[in-house]
Amino acid sequence: MNQDLLIELGTEELPPKALQQLADAFASNIISSLAEANLPHQGYEVFATPRRLALVVKQLATVQADQQIEKRGPAVKVAF
């Protein structure tokens with residue numbers, strides 16, 4: 001099941017000249033974290049005002065896909 005996600009961050013007054021750069025950095029960090037967590041999405045939209053940064057992630061997966069991870073324990077010599 002997929003749903004839209006809104007992340008809104010209230011800030012003190014941000015300089016207008018830096019808004020686009022700050023909004024892009026905010027969005028790229030969130031999107032890269034979602035990718036690391038294996039949560040696919042259908043796109044995103046970022047908004048910025050002098051007192052607020054917001055990101056809407058469209059059709060974000062609400063659960064991760066199943067994974068099979070195999071981890072090996074310590075060597076037998078060390079284990080006993």
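From the N terminus on, the secondary-structure elements of the protein follow the order β-α-β-β-α, comprising 2 helices and 3 strands; these elements are DSSP runs numbered from the N terminus, with helices (H or I) of at least four residues and strands (E) of at least two. The model is a predicted one, in which local features require pLDDT of at least 70 and side-chain atom pairs count only at pLDDT 80 or more, whereas totals for chains, interfaces and linings use all residues. Residues are numbered from 1 along each chain as its sequence is written, and side-chain values use heavy atoms, with hydrogens and water left out.

The C-alpha trace spans about 65 × 30 × 15 Å along its principal axes. Of the 80 residues, 19% are buried, where buried denotes under 20% relative accessible area, exposed over 50%, and partly exposed in between (1.4 Å probe, protein chains only). Among contacts (heavy atoms within 4.5 Å) between residues at least 6 apart in sequence, 61% join residues at least 24 apart.

The 3 strands form an open sheet in the order E1-E3-E2, with antiparallel pairing; two strands pair if DSSP finds at least two bridges between them. Strand E1 (2–10) and strand E2 (44–49) are the edge strands, each pairing on one side only. On average, neighbouring strands of this sheet are turned by 10° against each other, direction ignored. Strand E3 (residues 52–61) is joined to E1 by 8 bridges, and Gln3 stands opposite Leu60 in E3. Helix H1 (residues 19–36) packs on the sheet and touches E1, E2 and E3; the direction of H1 makes about 30° with that of E3. Axes are lines fitted to C-alpha atoms, for helices over the stretch in contact, and angles run from 0 to 180 degrees between N-to-C directions.

Residues up to four places away in sequence aside, Ile31 touches His41, Tyr44 and Val57.

The model contains 3 salt bridges, each defined by a side-chain nitrogen of Lys or Arg within 4 Å of a carboxyl oxygen of Asp or Glu. Arg52 and Glu8 meet at 2.9 Å (N to O), linking strand E3 to strand E1 across 44 residues of sequence. Arg52 is partly exposed, with a relative accessible area of 41%, and Glu8 is likewise partly exposed, at 45%. Glu13 pairs with Arg51, the closest N and O atoms being 3.0 Å apart; Glu13 lies in the loop between E1 and H1 and Arg51 in the loop between E2 and E3, 38 residues apart. Both Glu13 and Arg51 are exposed. Lys58 and Glu45 form a salt bridge at 3.3 Å (N to O). Lys58 lies in strand E3 and Glu45 in strand E2, so this pair ties together parts that are 13 residues apart in sequence. Lys58 has a relative accessible area of 34% and is partly exposed; Glu45, at 35%, also counts as partly exposed.
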